[in-house]
Amino acid sequence: MSRRLLLPLCLFPTALLAQGRLEGRLLVGSTQPVPFATVVALRDGTAIGTTQTAEDGAFRLDALPAGTYTLHTSAVGYRPLERTGLTLADGQTLRLGTLPVTASVEQLGEVVVRSTLGVTKLEPGKTTYKVSD
């Protein structure tokens with residue numbers, strides 16, 4: 001009975017070590033980091049891992065099974081970045097280095113807020129609001 005329990009316990013740490021890692025850094029130009037961007041590792045169109053960049057633009061996706069990945073990044077004010085064909089082996093750390101991101105400026109349309117003041121009636125101990133179209 002003790003041999004049956006010992007074998008899974010011996011294999012479990014090996015399974016954890018077989019996981020891979022993707023790491024890199026998002027920068028605009030050569031020095032400006034992109035903080036709090038979303039980074040997703042996709043395999044066959046399915047998100048396998050997701051994280052957010054740190055204030056210095058660095059990210060790390062841990063515990064990824066071996067396979068070929070597409071890395072997708074997105075952040076408000078920046079164009080999405082996609083890297084395909086990233087092959088990760090068991091236990092490998094794939095260091096992507098600095099990934100260049102381009103700022104994106106979009107002109108939003110005008111927003112108009114309109115309001116009408118309803119009729120308010122104040123009475124002792126009671127306030128009445130009349131709301132109509």
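Which backbone atom lies 2.8 Å from a polar atom of the side chain of Thr53?

A: The model is a predicted one, in which local features need pLDDT of at least 70 and side-chain atom pairs count only at pLDDT 80 or more, while totals for chains, interfaces and linings use all residues. Residues are numbered from 1 along each chain as its sequence is written, and side-chain values use heavy atoms, with hydrogens and water left out.

The atom you ask about is the backbone oxygen of Val34, which lies 2.8 Å from a polar atom of the Thr53 side chain. A polar atom of that side chain also lies 2.9 Å from the backbone nitrogen of Phe36. Both distances can be read against the definition of a polar contact, a pair of N or O atoms within 3.5 Å; within protein, one must be able to donate a hydrogen and the other to accept it, and residues adjacent in sequence count only if both atoms are side-chain atoms.

Thr53 itself is found in the loop between β4 (46-52) and β5 (58-64), where helices (H or I, at least four residues) and strands (E, at least two) are DSSP runs numbered from the N terminus. Thr53 counts as buried because its relative accessibility is 2%; buried means under 20% relative accessible area, exposed over 50%, and partly exposed in between, with a 1.4 Å probe and protein chains only. Leaving aside neighbours within four places in sequence, Thr53 is in contact (heavy atoms within 4.5 Å) with residues including Leu26, Val34, Pro35, Phe36 and Phe59.

Two of these partners deserve a further look. Phe36 lies in the loop between β2 (32-33) and β3 (38-43), and Phe36 is partly exposed because its relative accessible area is 48%. Phe36 has a positive phi of about 60 degrees although it is not a glycine. Most residues other than glycine have a negative phi.

Pro35 has its place in the loop between β2 and β3 and, at 31% relative accessibility, counts as partly exposed. Not counting residues up to four places away in sequence, Pro35 touches Thr53, Ala54 and Glu55. Pro35 and Asp56 are 21 residues apart in sequence, yet their C-alpha atoms are 6.2 Å apart in space.

As for the chain around this part, there are one helix and ten strands, and 23% of the 133 residues count as buried. Among contacts between residues at least 6 apart in sequence, 50% join residues at least 24 apart.
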